[in-house]
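Come along and check each entry against the picture.

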Amino acid sequence: MQARIFEYLSCKNDTEIIVVDNAKSALSAQSVASFLGFESFVLPDFRAQKNDDLRAFNNELFEISATLSSYYKSKNPKKLIISPIRTLLNPLPSQKNLQTKTINLGDKISYEELKLNLINFGYEIVDIVQEKGEARISGDIIDIFSISDDEPVRILLDFDEINSIKKFNPATQKSYQIECDKVEITPFLSALSQKEFDELNDKISSFQSDALIKDINAFGFWLIDGFENYLIKFKCILAENINKK
């Protein structure tokens with residue numbers, strides 16, 4: 001497989017996606033791409049079946065959103081996506097779906113507007129932020145764990161103005177000393193407007209009538225508008241004989 005990828009990437013500079021069989025093959029393909037000077041963005045092996053309740057697949061969906069968001073933001077002319085075939089058989093978030101929101105030190109914000117923005121981004125409002133995709137808004141303290149970050153941030157307000165942004169340890173809930181100048185929030189699957197959020201929830205409410213929980217985390221992936229077929233959108237190469245499962 002590695003020899004095949006080396007040959008393709010050495011002579012075909014228009015390759016945009018390398019399609020492999022599984023996560024192990026994806027890492028092998030990444031090593032070849034990196035050797036040839038490509039910036040590679042590796043998608044997880046997403047094994048869910050059509051219309052499944054996806055709450056058990058949140059980590060994979062976070063990774064898909066974060067990886068594709070980073071891919072679209074990259075200005076590197078030698079960039080490519082590496083993905084197991086199972087993942088690409090699903091429509092995936094487009095660049096429009098993955099528009100991020102940046103909060104800067106010194107910005108003035110509205111509590112209610114930010115809360116709605118986070119909810120429309122697919123974030124869950126909780127009492128204690130411990131996992132990616134969670135946020136807490138309480139008084140002059142706002143905690144956000146962006147799905148593209150390894151640690152959450154704590155934002156301190158002076159009335160409506162941000163006067164501190166620091167990362168914190170989700171296990172101890174203690175902030176670090178180093179000040180950040182901004183935080184970038186990556187949407188979970190899609191940056192929805194209020195109208196799009198309401199329309200999506202209407203779709204979800206009538207979807208899978210026997211499901212006990214009907215929310216974006218469970219079924220949004222199957223119903224959000226604007227997702228694209230990456231096998232059609234991009235120039236792909238098949239790196240190995242795919243084992244159809």
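This is a predicted model: local features need pLDDT of at least 70, side-chain atom pairs count only at pLDDT 80 or more; totals for chains, interfaces and linings use all residues.

Entry 1: I then picked out Asp158 and traced it to strand β8, which covers residues 153–158. Is Asp158 buried, exposed or partly exposed? Its relative accessibility is 42%, so I wrote it down as partly exposed. That label is used for values between under 20%, which is buried, and over 50%, which is exposed.

**Entry 2: aromatic pairs.** Next I asked how many aromatic pairs a search of the whole structure finds. The search gives 10.

I looked up Phe46 and Phe57 to start. Their ring centres are 5.8 Å apart and their planes stand at 80°, so I noted the pair as edge-to-face; planes over 60 degrees apart get that name. Both residues sit in the loop between β2 (39–42) and α3 (58–73), 11 residues apart. I also checked the cover on Phe46: its relative accessible area is 0%, so it is buried.

Then I turned to Phe207 and Phe219. Here the centres lie 5.3 Å apart with the planes at 70°, so this pair is edge-to-face too. Phe207 belongs to the loop between α6 (194–205) and α7 (216–223), while Phe219 is in helix α7, 12 residues apart. Both Phe207 and Phe219 turned out to be buried.

**Entry 3: a ring cluster.** Which residues do ring pairs link into a cluster? I listed Phe41, Tyr71, Tyr72, Tyr230 and Phe234.

Technical notes: Residues are numbered from 1 along each chain as its sequence is written. Side-chain values use heavy atoms; hydrogens and water are left out. Helices (H or I, at least four residues) and strands (E, at least two) are DSSP runs, numbered from the N terminus. Buried means under 20% relative accessible area, exposed over 50%, partly exposed in between (1.4 Å probe, protein chains only). Rings of Phe, Tyr and Trp (its six-membered ring) pair if their centres lie within 6.5 Å; planes under 30 degrees apart count as stacked, over 60 as edge-to-face and the rest as tilted.
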